[in-house]
Amino acid sequence: VSDPAWWKEAVIYQIYPRSFNDTDGDGLGDIPGIVEKVEYLDYLGVDCVWLNPVYESPDVDNGYDVADYRAIDPAYGSMDDWERLVSELHDRDIRIVMDLVLNHTSDQHAWFQRSRAGEGEYADYYIWRDGPEGPSAAADETEPDTASDRDEPNTLRDGDQYPNNWESYFEGPAWSYDEERESYHLHLFASEQPDLNWENPTVREELYDIVQWWLERDIDGFRLDVINLISKVEGLPDGDPESDFLVGSEQFVNGPRMHEFFDELAAKGFGDRREETVSIGECSEIDPETAIDVTGRESNAIDMTIFFEHMNLDRHDRWEPREWTLPELKSVMAEWQAAVDRGAWVSLYHSNHDQPRGLSRFGDERFRYESATMLATCIHGHRGTPFVYQGEEIGMSNVSFESPTDLRDVWARNYWDRRREAGEPFDAVRPRLERFSRDHARTPMQWSDDEHAGFTEGEPWIPVADDHTEVNVEAQIGADRSVLEYYRELITLRDVDDVLVYGDFELLAPEHETVYAIRRTLDGADHELVVLCNFSASRTAFETPEAVPTADATVALANRADPPMHPRRVELDPYESVIYRVP
Ligand code: TEU
């Protein structure tokens, strides 16, 4: 195997601390709660944990609005708790990756407070602009950045009120007027998440110091939040108003100085720990070519990208449902696998804290065990690093939102506010929210059938899913037809089978409407793999193409007790999946 690396061989488990395990009864998960579950992670067999942000934060965006990068938020525990977590994980050979938000901070960060006051060198830490009519024009307007003054999504008011026509990810203009500074600040996310000015070298030095500071604390790398948004086109020109994505995105996605900043981040931030650590770049709207460039470069500042193309197949824009087909999904994934062939490396996932549950989206809640295990098999059957998002390993699914008060997520709430302003009743908006709200992923981890699923003794910050009485860790440990036990086997298989990690990917039968079939081959290995996944609720016939050798195939893993013994001609049960080993 050329170019082996621990992070290529690893399975990474994502923990959303807020919803993982609460030990002090305040209804919010905490770090001691994670420590309590390290044994569970060991049982599951994962190699690395990605911890969503636990830094001090006012939690407008659940920690992605950082107020102090060098402090653990007291709601999650202390620095001692965090150190204990790291050592408990390391004792079991589980690595830890911290989630770092370098594109923006909280508006409560000391830098922003000083910047907004126009204080000395801090004045230029963020991206401030006057409106087109000068600094005071906006003061006459009535609260230009509130929902009531916004128009339909994608049509900012003539583009003349704000410094430019850019839209934010969380709905509405990417600019908010600041009374104190009498100027607008740029925020690609919530108004309380001002974008840092990466053009300012002092800002960059501050950020590299933070990277170093954490690396000195014995962590194994970072997941870098929206790292491909840090460089904005000089002069912040208007975006194409007809853009398919956010207006302005071509001015800030993969911006002109991105590679330069990445190189600097590698050299000055990661420094001599660059080789042994992992750097996972969450890259909004990234395309395969750019991903090759980002991860395949000599300077190699990012080891793998988190891409989103497969997460956008079932929607138009961001909230409009769209019918998707399996051949489309296969074609998107195959395109990314081709990028991996050409030097990229990718995170493989169907769930994370920003997405509705993969099971509800790509699987079928009526066939929970079958479709959850089939999806896992499919994802892990590709080349890249598989990520498991908490709860996925027990088959957690989407929930329902009966009223607007059920919404917790800032994005979903903003969306609802805007639709309401536009005169839509909740019932009309609800189907969209129920398809795509990020809250689906954030309901508490289901440990047992106890009240609140064993997550907390208090009142959970977000309601526990009703199905916790059946879908929970306790019920699945050592059980038959257990998603959890299946994940353990799948993870073990990866530990012992290099073909699964490094093998070339070939998509078989790309046009087949319901079967996802994959062949994996590796130079020098004594076997190949054939992976068959039925993405439908019907029994389906499938023939492995003649060109693929299948003689003497054996079943390496299957999600049913009596799988077809040979892959040449099969009848697959609903959501059945099988991995064959072919000598
Ligand atoms: O998410 C970035 C983000 O919102 C987009 O990449 C989005 O998920 C994608 O384009 C969907 O199509 C990160 C964090 O994961 C998220 O939780 C934060 O809210 C956000 O950044 C801001 O920090």
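Two strands pair if DSSP finds at least two bridges between them. Helices (H or I, at least four residues) and strands (E, at least two) are DSSP runs, numbered from the N terminus.

## Basis of the model

The structure is a predicted model, in which local features need pLDDT of at least 70 and side-chain atom pairs count only at pLDDT 80 or more, while totals for chains, interfaces and linings use all residues. Residues are numbered from 1 along each chain as its sequence is written.

## Strand β5 and its partners

Tryptophan 50 stands opposite valine 97 in β5. The strands concerned are β2 (residues 48–51) and β5, which pair in the parallel sense over four bridges. Strand β9 (residues 221–224) also pairs with β5 in the parallel sense, over three bridges. Within β9, arginine 223 is the bridge partner of aspartate 99.

A residue is buried if 20 or more other C-beta atoms lie within 10 Å of its own, exposed if 12 or fewer, and partly exposed in between, with C-beta atoms placed from the backbone. Six of the six residues of β5 (residues 95–100) are buried, so the strand is largely enclosed by the rest of the structure. In a regular strand the side chains alternate between the two faces of the sheet. From β5, Arg95, Val97 and Asp99 point one way and Ile96, Met98 and Leu100 the other way, and all are buried.

## Domains and their contact

The domain assignment of the protein gives domain 1 (6–104 + 201–476), domain 2 (110–186) and domain 3 (503–582). Such bounds come from an automatic or database domain assignment. The centres of domain 1 and domain 3, taken over C-alpha atoms, are separated by 30 Å.

Two residues are in contact if their C-beta atoms, placed from the backbone, lie within 7 Å. On this basis, 19 residues of domain 1 are in contact with 21 residues of domain 3. On the side of domain 1 that touches domain 3, α11 (326–341) and α13 (368–380) each supply at least two residues. The most comes from α11, with seven residues. By class, this side of domain 1 has six nonpolar, eight polar and five charged residues. Here Ala, Val, Leu, Ile, Met, Phe, Trp, Tyr, Cys and Pro count as nonpolar, Asp, Glu, Lys and Arg as charged, and the others, Gly among them, as polar.

## Surroundings of the ligand

There are 14 residues around the ligand, and Tyr64, Phe189, Ser284, Phe308 and Asp354 come nearest. A residue is near a molecule or strand if its C-beta atom, placed from the backbone, lies within 6 Å of it. The shell around the ligand divides into seven nonpolar, three polar and four charged residues.

## An antiparallel sheet

An open sheet is formed by three strands in the order β6-β8-β7, and the pairing is antiparallel. The strands β6 (128–129) and β7 (175–178) stand at the edges, each with a single partner strand, so one side of each is left without a neighbour in the sheet. Four bridges join β7 and strand β8 (residues 183–186) in the antiparallel sense. Leucine 186 in β8 is the bridge partner of tryptophan 175.

Leucine 188 lies in the loop between β8 and α7 (201–215). Leucine 188 is buried, with 25 other C-beta atoms within 10 Å. Not counting residues up to four places away in sequence, leucine 188 touches Asn103, His104, Ser168, Tyr169, Ala174, Asp195, Leu229 and Phe252.

## Helix α15

The buried residues of helix α15 (residues 426–436) are Val429, Leu433 and Phe436. Seen down the axis of α15, these residues fall within an arc of 75°, so they line one face of the helix; the arc is that of the directions from the helix axis to the C-beta atoms. Their cover includes β12 (315–316) and α14 (410–421). The exposed residues Asp427 and Pro431 are carried on the face of α15 turned away from its buried side.

## Two loop residues with positive phi

Histidine 452 lies in the loop between α15 and α16 (473–476). The phi of histidine 452 is near 60°, a positive value in a residue other than glycine. With 19 C-beta neighbours inside 10 Å, histidine 452 counts as partly exposed.

Aspartate 552 is found in the loop between β19 (540–543) and β20 (554–558). Phi of aspartate 552 is near 60°, again positive in a residue other than glycine. Aspartate 552 is exposed, with 10 other C-beta atoms within 10 Å.
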